[in-house]
Amino acid sequence: MTEKEETMDASDSHDSAPSVKKNGQTSLLDSGEDFEVLDEEDIDDVPPPLEDAGGGKGKNTDESEKNADTDSDPPGQVEEWLDVLGNDQLKKKVLEAGEGQDSRPQKGQNVKIHLKTYLKDGTLVEEQPYLSFTLGDGDVIQALDLTVQLMEMGEKALIQADAKYAYGSRGSLEPEVPPNAELSLEVELLEAIDAPDLELLPPAERIGLAIHKRERGNVHYQRGDYAFAVNSYSIALQITESSSKVDISPEEENELMDVRVKCLNNMAASQLKLDHYNAALKSCVSALEHQPDNIKALFRMGKVLALQGEYTEAIQTLRKALKLEPSNKTIHAELSKLVKKNSEQRGAEQAMYKKMLGNPASSGSSSQKHRAKSSWGLSWKWLFGATAVAIGGVALSVVIAARN
């Protein structure tokens, strides 16, 4: 990667959270994802939606019951396991009852929990006494997003989660969770309050909230969960685009605009991974409406147009991006590849037309000769006919004159 590319990538990721990094690699958004060739990765599976209840293999619940006792024997009533999704991959058991079903939090509320995370063998991974997040926004692993909304205020529960609803096949560096790890989560619901009114939110807090949601989208993208990434970027965009009843300075407006364009660019990247080309094109167009010379948006737009078969427009778009940054080797490579592909396609089309229509040159020559021959033949016929008419006229005149 060139120094220029590194500068561009840093502009979108200098404020990303450390958890965005994965084992042995830097984040795609941080290390040149913007200019990667799309067919370099073979990720075809769309991650399941948050409400997905697909089938899966069950597991032994005895391990989780042991994990619950690693800290201390929880007081209160112990109930049966609740199969949250009906697939035996996400279960919840009440360790200590709460304040009743009416106290359950709602999606969109900000909740605070005390969380202990254990591996299947009982190893404590981390403890977070006051973990805050917006319920249903994808700010945390799915296991928490799905089960906390089933908890009552003050309730303590044990959650048994398959890797699919935790850190998946890639695991995590922070917290340190190995790939494909089943987790036991000990959760206590401490608080649930309504999210702040965006229109009344101070500009600095609004900017910080939008950045937080965008960074969470980066984490999802990093993990290959592109549908969840789109969701997080959409939430961040709503925050940046919301009207405000609080005075915002020009500098703060520029900061919000910067976050907005970054979200649109990253959303387009996620939509490309999902093969949602029309949506990706719309995201690129929106980014360019705000910043017409945004190289990342131009580059992605060129990719989308090429994938849609609009080679002429794609080449024009990439040439514009290259004009803005002539030293970028990746744009050079992508443009050269596209020009070559377009040329080969046009050559193939011309060959096909020739095969379908035969040899246009020889056909044209024969046609011209035939027309010329026909023209001469027609001319002689007309001349002979005219002569015959003339002779007949003279003979008729002589006969008439003799009779007179």
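Axes here are lines fitted to C-alpha atoms, for helices over the stretch in contact, and angles run from 0 to 180 degrees between N-to-C directions. Welcome to a predicted model, in which local features need pLDDT of at least 70, side-chain atom pairs count only at pLDDT 80 or more, and totals for chains, interfaces and linings use all residues. Residues are numbered from 1 along each chain as its sequence is written, and side-chain values use heavy atoms, leaving out hydrogens and water.

**The helix pair**
- Helix α5 (residues 226-241) packs with helix α6 (residues 250-273) at an angle of about 160°, their axes 9 Å apart; helices are DSSP runs of H or I, at least four residues, and strands runs of E, at least two, numbered from the N terminus.
- That makes α5 roughly antiparallel to α6 (the term applies to angles over 145 degrees).
- Residues of α5 that meet α6 include Y226, Y233 and L237, and those on the α6 side include L256, C263 and M267 (contact means heavy atoms within 4.5 Å).

**The sheet**
- Six strands make an open, antiparallel sheet in the order β1-β2-β5-β6-β3-β4 (strands pair if DSSP finds at least two bridges between them).
- Its edge strands, β1 (82-83) and β4 (124-134), each pair on one side only.
- Ten bridges link β3 (residues 110-119) to the antiparallel β6 (residues 183-193), and the partner of I113 in β6 is L189.

**A look at T134**
- T134 belongs to strand β4 and is buried, with a relative accessible area of 11% (buried means under 20%, with a 1.4 Å probe and protein chains only).
- Residues that T134 touches include G108, D139 and K213, not counting those up to four places away in sequence.

Technical notes: Buried means under 20% relative accessible area, exposed over 50%, partly exposed in between (1.4 Å probe, protein chains only). Angles under 35 degrees count as roughly parallel, over 145 as roughly antiparallel, 65 to 115 as roughly perpendicular and the rest as oblique.
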